[in-house]
Amino acid sequence: MKTEEDMYKGIREDGKVYALGGMGADTTPQALVRVYEAEKDQWQPMTSMPTPRYGATPFVRGNKIYMM
């Protein structure tokens, strides 16, 4: 994925790959969430996280992805 963020975290759930957070080029934490759509071979933006994060660990509980 070509992006200006660094240190984002990825997690795979239900056959999809999600990229969460990261550090912007100006070293600020990011709240971005993206999902990879294999059939289109594209990353699509999703609703951002309420709190920007980088270096956090994603995990799935039920049908939600959390960052800790």
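Predicted model: local features only at pLDDT ≥ 70, side-chain atom pairs only at ≥ 80, totals over all residues.

Reader: Let us begin with the chain. How many helices and strands are there in the chain?

Author: The chain has zero helices and six strands. Read from the N terminus on, its elements run β-β-β-β-β-β.

Reader: How should I read a sheet in general, and what order do the strands of the open sheet have?

Author: Strands of a sheet pair through backbone hydrogen bonds, in either a parallel or an antiparallel manner. Here, four strands form an open sheet in the order S1-S2-S3-S4, and their pairing is antiparallel.

Reader: Which strands stand at the edges?

Author: Strand S1 (9–13) and strand S4 (42–45) do; each has a single partner strand, so one side of each is left without a neighbour in the sheet. On average, neighbouring strands of this sheet are turned by 30 degrees against each other, direction ignored.

Reader: How many bridges join strand S2 to strand S3?

Author: Strand S2 (residues 16–20) and strand S3 (residues 33–37) run antiparallel and are joined by four bridges. Within this pairing, Ala19 stands opposite Arg34 in S3.

Reader: Which residues make up the largest nonpolar core?

Author: A nonpolar core is a set of buried nonpolar residues joined through side-chain atoms. The largest one here has nine residues in all: Ile11, Tyr18, Leu20, Ala31, Val33, Val35, Met49, Ala56 and Met67. At least two residues of this core come from S2, and at least two from S3.

Reader: Could we take Val35 as an example? With which residues is Val35 in contact, leaving aside its neighbours within four places in sequence?

Author: On that basis, Val35 is in contact with Lys16, Val17 and Tyr18, and also with Gln42, Trp43, Gln44 and Met46.

Reader: What share of the residues in the chain is buried?

Author: Of the 68 residues in the chain, 26% are buried. The accessible surface of the chain comes to about 5,000 Å², and carbon and sulfur atoms account for 49% of that surface.

Reader: Let us turn to the loop between S2 and S3, where Gln30 is found. Is Gln30 buried or exposed?

Author: To count as buried, a residue must have under 20% relative accessible area. Gln30 has a relative accessible area of 18%, and is therefore buried. A polar atom of the Gln30 side chain lies 3.0 Å from the backbone oxygen of Thr28.

Terms used:
Residues numbered from 1 in each chain as written. Heavy atoms only, no water. Pairing = 2+ DSSP bridges. Axes fitted to C-alpha atoms, helices over the stretch in contact; angles between N-to-C directions. Core = buried A, V, L, I, M, F, W, Y, C linked by side-chain atoms within 4.5 Å. Buried < 20%, exposed > 50% of the residue type's maximum accessible area, 1.4 Å probe, protein only. Contact = heavy atoms within 4.5 Å. Areas by Shrake-Rupley, 256 points an atom, 1.4 Å probe, with all protein chains shown as cover. Polar contact = N/O pair within 3.5 Å; in protein donor to acceptor, adjacent residues only side chain to side chain.
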